[in-house]
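Let's take a walk through this structure together. Have a look at it first, and then we'll go through it piece by piece.

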Amino acid sequence: MLNLLIILVLVLAVIAVFQLTRVYEYSRSIRNTREEEISHADNKLNAWLMLVWMVAFFIGTIVLYVKYGNYLPPPASEHGVNVDNLMAFNIWIITIAFFLMNGALFIITYKFYYRKDRKARFHLHDNRLEMLWTMIPGVLMAVIIIYGLITWGKMTGPASADALKIEVYSKQFDWTARYSGKDGVFGAANFNMITSDNIFGIITPDRMKVMLDSIDGDISETEAYIEREKALLSDEKIEVLEDQIYRMKRHKQRLMDLDEDQLNGISTWTAGADDVIAKELHLPVGQEVELIFTSRDVLHSAYLPHFRAQMNTVPGVPTRFKMKPTITTEEMRQELKDPAFDYILLCNKVCGATHYNMKMKVIVESPEAYAKWLESQKLFVPVEAPAAEVPATASPDTTASAPASPATAMVVNR
Ligand SMILES: [Cu+2]
């Protein structure tokens, strides 16, 4: 009903405007003036309205600045302060340019409205003017770019030797963190070793043995099946099974090709034993951390808004940045008066169906609390139960990267 009324009012308004225009046209023809002839009073009124509009426009802008200008919580990292300063610097330039340009636009429109007794002057060219409006934006651009590069370098420059290195692994649709453990060295990893309980594909001698044994078992099982059922199977079916065997052998060869020597010697195979895999990103406050980003499948983007940091994660190409968290989660909760507040790592690249939910909790805590947390975490190879006795690796992950998946997928399907 209300909608109908609104439509009715709109239709009547259009008709009213149309009728008013016609009245105006008739009155023109009675007064014997042409439609395009605008009186001095009209011009003057419009010139003044320009000024009125300028003032309203400027007041509106200032109100929006005051109301919404300060929408970010304080930066929680050392370089975050620089990022905010860079942003503020840019906003100042934009704001000053905005008021100057729009002020000039409206004031000139007001000042030079059409008057019969005034003639326009025509400037063909002025070198000084050209110089002025080329140099000023040019110099400003250069300052912004150089300032921006210096700020960017604070995040992407080389990390100091004692920085805590954490690997942040992305896949559709979650994040996983890896800490290098007491030895400070990440265990060697390869996508061929990825299983459901080894997201990073960390290589350890025990894991390697379990993986190779499992593939061997699958190969001989398939061979025995062909031998046993030969009479019943069609030629096509046998061909498919033989192809599966070929793929499993190729997968096994790829794993065996991961010679320890190729991966910086034996240490990288044993270094993974004390690695810690976590579903939360714990960071000690005041300590420089270097985050190394990897991706299993597609491009993702690690976005840490409170730390003013973002980096793409790229399959096959590790990316990185460094930062020093300066405010603990607890301090930020007090600052924001929000006891439920948590830092967050978000995916900021539309990467698939549940991209919107691809996030990880980030916890900044005192170095003591961090050490305690790390201590409480399970190691990749638990010390009390040697990995060789844990047959968990026998359930390969079907989402493994391309070359490995045909073989591993078959192991699951049979
Ligand atoms: Cu993503």
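Start at alanine 309, which touches Ser77, Met155, Leu304, Phe321 and Met323, leaving aside residues up to four places away in sequence. Touching, or being in contact, means that the C-beta atoms of two residues, placed from the backbone, lie within 7 Å. Before going on, keep in mind that this is a predicted model: local features need pLDDT of at least 70, side-chain atom pairs count only at pLDDT 80 or more, and totals for chains, interfaces and linings use all residues. Residues are numbered from 1 along each chain as its sequence is written.

Ala309 also turns up in the largest nonpolar core, which has 45 residues. Ala309 is among those with the most contacts inside that core, along with Val168, Leu281, Leu345 and Val362. A nonpolar core here is a set of buried Ala, Val, Leu, Ile, Met, Phe, Trp, Tyr and Cys residues joined through C-beta atoms within 7 Å. Buried means 20 or more other C-beta atoms within 10 Å of a residue's own, exposed means 12 or fewer, and partly exposed is in between, with C-beta atoms placed from the backbone.

Next comes the sheet. It's an open one of 5 strands, in the order β4-β10-β9-β6-β7, with mixed pairing. β4 (281-284) and β7 (309-313) stand at the edges with a single partner strand each, so one side of each has no neighbour in the sheet. Strands (E, at least two residues) and helices (H or I, at least four) are DSSP runs, numbered from the N terminus, and two strands pair if DSSP finds at least two bridges between them. β6 (residues 300-304) and β7 run antiparallel, joined by 5 bridges. In one of these, histidine 300 has threonine 313 in β7 as its bridge partner.

Now for a pair of helices. The axes of α2 (residues 40-68) and α3 (residues 78-111) come within 8 Å and cross at roughly 160 degrees; axes are lines fitted to C-alpha atoms, for helices over the stretch in contact, and angles run from 0 to 180 degrees between N-to-C directions.

Is alanine 47 buried or partly exposed? With 17 other C-beta atoms within 10 Å, alanine 47 is partly exposed. Alanine 47 is found in helix α2 and touches Thr109, Tyr110 and Tyr113, again not counting residues up to four places away in sequence.
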